[in-house]
Amino acid sequence: MGGDLEKKIAATFATEVSALDEDMRAYVVELATSLLEDATTHGTSPTELTEELKEAIAPMLEEYEVDEAAVDSLCDKLTKLLHPEGAVAEAQSDGKDYVVELRDIRLGFGARMLLHKTDLTLERNHRYGLVGENGIGKTTLLTRVVKGDIRGWPTHLKCVYVQHEVLAEASEKVVHWAQGQDLPEGCDEARIISVLREVGFEDHAMEGPVNELSGGWRMKLAIACAMLQGADFLMLDEPTNHLDVNAVVWLIDYLCNLKKTTILFVSHDQSFLGKVATDIIHFADQKLTNFSGGYAGFREAEPDAALGGFKAFQMAQEAARAAEATNGGEEVAVSTDGELTFNFPAPGSLDGVSSRSKPVMRMDEMSFAYPGSDAQVLKKVTVRLTQLSRIAIVGANGAGKTTLLRLLIGELYPRTGHNHAAMVWRHHALRVAYVAQHSRHHLETCLDQTPIDYIQNRFFLGADKEVTASANLMLTPEEDELRLVRGNISHIVSRSIRGKTLMYECKQVGRKDKDNSWEPLNFLQNKPPYVMKLVKRFDEVMKAQEGGAAIRPLTSAEIRKHLADFQIDAMLADNKIKGLSGGQKSRLVLAAAMWNRPHILALDEPTNYLDQEALGALARGIISFQGGVLMVSHNKEFVGQLCTEAWLVKDGTVHCNKKEVGDKAAAAAGGEKAMDVFTMDVTDNMTDYISKHQSKNKDSKEKRKNDKKMAAEQREEERKKDNHEDLRTCTGNLSSQPFARDVKMVEFSMSVGGREMIKPCELEFTVGRRYGLIGQNGCGKSNFLHCISAREIPLPDHIDIYHLQDEADPTERTALQSVVDHVKEEIAKLHQLEEKLLVEHGPDDERLQGIYERLEELDPNTFETRAAELLFGLGFNKAMMAKSTQDMSGGWRMRVALARALFAAPALLLLDEPTNHL
């Protein structure tokens with residue numbers, strides 16, 4: 001039947017639609033054939049089949065100007081080619097309680113097929129994470145679901161959709177805005193206030209206007225409205241965007257405790273996926289594939305799809321260390337090995353700036369309050385930026401992070417009456433690119449343009465219209481009148497540096513061009529405010545010229561080349577912006593921001609809407625970028641990998657955690673230092689949460705420490721003498737992920753007493769492997785083990801190490817007691833490490849999972865039984881187990897030490913001649 005049916009369909013198309021080219025006709029014929037064959041299989045009714053044909057074919061025919069009537073006629077005739085018999089075939093039941101069970105669905109967007117003959121099955125009360133590459137159609141799927149625009153979608157479900165773009169720009173109070181949403185009957189103001197408080201709103205915030213909320217608080221407001229609607233089916237698109245760590249912890253707890261609600265959410269946050277999702281739906285190759293076991297199950301089944309971003313971050317970290325180790329932080333070429341990469345253009349030099357470590361932007365004693373408010377958002381802030389800066393601005397939602405960023409780059413001006421230029425200084429030729437929190441900030445008026453049109457229009461006159469059209473540079477009608485008053489400055493004609501003074505050529509009303517005056521910048525700063533607007537507008541034109549406007553033509557070919565550097569291909573470049581996904585829009589905004597070759601790149605939540613592969617590309621682009629980077633982000637992983645400095649915004653102040661950029665120590669520790677500050681403000685507010693996971697037996701741990709202190713100190717002194725520790729020098733750089741269980745070290749070397757024992761090499765330990773270390777006597781084998789056990793190289797703290805080199809100490813404790821005591825000490829160490837990670841990195845740290853697994857394995861209720869089993873296996877009988885170790889030979893004490901090591905089961909077990917004495 002297939003061949004005959006296809007011929008009939010082809011003939012129908014040839015008769016009804018003659019405008020199609022050969023390739024498109026072949027494609028739509030194949031598509032229609034597939035639909036009709038499916039209708040035969042499933043018994044689709046003629047009406048349903050006609051609608052399916054229209055949905056699939058009409059968008060493609062519109063491109064060839066086929067009108068609606070012709071499409072209707074074509075689809076009717078195609079339907080008449082088929083006469084289905086019987087009812088729609090019932091989907092096979094697998095015994096699961098599905099709230100949604102749709103089989104063989106299709107989903108199109110314009111002329112593009114997103115899903116083809118795939119199943120969407122959702123079990124009741126499960127939480128599904130929807131993952132896939134940017135642009136694959138995840139947001140489109142959620143949008144079509146909420147509209148009920150998918151055939152067979154159950155209409156009885158109460159669906160609520162929290163979108164990633166929070167359109168909350170109203171000036172009305174938060175409570176009143178919430179009351180105006182689509183809430184169920186009986187949801188009064190008291191209920192609204194109760195829910196707002198639950199998500200963190202305080203009374204003064206509820207009474208404030210919506211348009212003054214930060215991105216994080218607007219997202220909380222959207223989530224609160226969703227909570228009020230009592231959904232059967234809740235959908236969220238990137239819910240953690242703009243949320244600080246406290247808010248994310250709260251959201252995880254809320255979602256995981258929702259009853260009688262099925263959840264489908266899109267997220268690129270792997271930590272969030274791991275904690276919330278009970279199942280994963282992988283969107284790829286026009287198919288939806290379900291994976292049980294949460295994100296861990298998906299990672300195991302599809303490691304390449306799940307972990308691609310971590311590989312990119314590892315490469316970013318290695319390149320960051322290499323960059324810091326070079327003289328002056330020169331540009332480092334990042335090897336991509338075929339992975340997605342963003343290529344940032346070189347910014348070029350600045351007049352009078354001989355070193356990239358010299359400040360090009362600073363803020364001195366800045367205080368700021370928004371118009372109409374007496375509350376100061378920032379108080380006496382002083383900061384510095386250079387072209388080597390990699391700075392993360394961190395803090396809780398609403399702390400003022402974005403305010404600080406916008407003040408620095410000139411998007412905001414203080415209204416306090418103080419001289420802004422005296423508080424914020426930027427090099428007169430400094431080009432600054434700014435990418436806002438929401439892509440629509442830049443694209444909302446350009447959705448019907450193509451990316452090429454957008455860049456051409458934005459930079460048509462050389463200067464960036466996003467800057468020159470801002471309210472801060474536009475003259476008010478009153479200022480324009482003042483500019484035309486005789487004797488006043490009307491234009492800035494040129495500028496020049498004379499000596500060390502920046503001078504501007506000023507044209508005044510009523511004077512000839514030859515009478516133009518040259519005025520220093522500090523003189524112009526004391527003129528009426530409109531004069532500095534003229535100065536800044538002139539500066540922007542000069543910056544554009546210096547950025548390459550004169551030598552970089554705004555041709556389609558040149559723009560396509562530039563867009564390709566940000567992985568926007570020719571097809572996307574020629575399509576309308578409104579058809580781009582959130583991630584593709586972010587790439588476009590970033591590409592446009594880099595057109596003028598900026599010296600400083602300011603990013604507000606840069607990781608929003610980017611998948612893991614694109615995050616890796618952004619990381620590599622930032623590392624290779626020769627300019628400075630200033631970012632606001634709640635993405636701990638991204639900040640920790642890239643930033644060597646953190647500014648904590650808290651209570652109106654800014655605390656800078658600095659490392660000198662040229663310092664090699666900063667290269668290895670920069671990300672950790674940034675993350676220390678990142679979590680500093682969070683830990684203050686999470687005491688209750690953390691205390692649930694911390695050990696409550698600190699007193700007993702301290703007692704055990706004191707009991708062993710003197711003996712341990714004595715053994716330590718003896719060990720140092722025996723191991724030549726004072727003569728040994730070891731070096732190495734950790735290249736594996738800080739939280740990984742596998743360890744990889746580069747540039748590892750070891751010298752003892754000035755003699756090179758191990759030349760620079762790579763050192764790698766993989767979980768589960770057993771390595772035998774062999775070599776001639778005196779070559780350094782024991783020293784190598786001592787180097788590792790003493791952590792003379794930067795091994796992660798969560799990798800616990802047991803070095804078995806000597807037999808157990810001869811004491812009055814029995815063999816059984818010696819093993820049990822040692823395991824208790826190991827448990828105390830695990831609790832100490834747990835406490836440290838919770839305080840320094842918060843409960844989201846992935847290393848905690850391994851610690852909790854170890855603690856479960858070391859169950860105190862089974863100590864003696866398991867210890868006895870191990871000793872029995874090593875030759876001990878009941879009498880020997882009860883014998884004190886001081887009455888044993890060296891061989892039997894070695895067996896006790898071996899039993900300790902086997903019971904503790906450390907991540908890294910080092911054995912030095914374990915068969916001696918056995």
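How much accessible surface does the chain have, and what share of that surface belongs to carbon and sulfur atoms? In this predicted model, the total comes to about 43,700 Å², and carbon and sulfur atoms account for 48% of that area. The chain runs to 918 residues, 51% of which are buried. As for secondary structure, there are 35 helices and 25 strands to keep track of.

Helix α17 covers residues 451-458 and helix α22 covers residues 556-564; the two pack with their axes 10 Å apart and at an angle of about 110°. Angles of 65 to 115 degrees count as roughly perpendicular, and α17 and α22 are therefore described that way relative to each other. On the α17 side, the residues involved are Pro-451, Ile-452, Ile-455 and Gln-456, and these meet Ser-556, Ile-559, Arg-560 and Leu-563 of α22.

Then there is the surface. Leu-911 belongs to strand β25, which spans residues 908-911. Is Leu-911 buried, exposed or partly exposed? With a relative accessible area of 36%, Leu-911 comes out as partly exposed. Patches are made of residues with over 30% relative accessible area, so the 36% of Leu-911 clears that cut-off.

Terms used:
Residues are numbered from 1 along each chain as its sequence is written. This is a predicted model: local features need pLDDT of at least 70, side-chain atom pairs count only at pLDDT 80 or more; totals for chains, interfaces and linings use all residues. Side-chain values use heavy atoms; hydrogens and water are left out. Helices (H or I, at least four residues) and strands (E, at least two) are DSSP runs, numbered from the N terminus. Buried means under 20% relative accessible area, exposed over 50%, partly exposed in between (1.4 Å probe, protein chains only). Axes are lines fitted to C-alpha atoms, for helices over the stretch in contact, and angles run from 0 to 180 degrees between N-to-C directions. Angles under 35 degrees count as roughly parallel, over 145 as roughly antiparallel, 65 to 115 as roughly perpendicular and the rest as oblique. Contact means heavy atoms within 4.5 Å. Accessible areas come from the Shrake-Rupley method with a 1.4 Å probe; for residues, only the protein chains shown count as cover.
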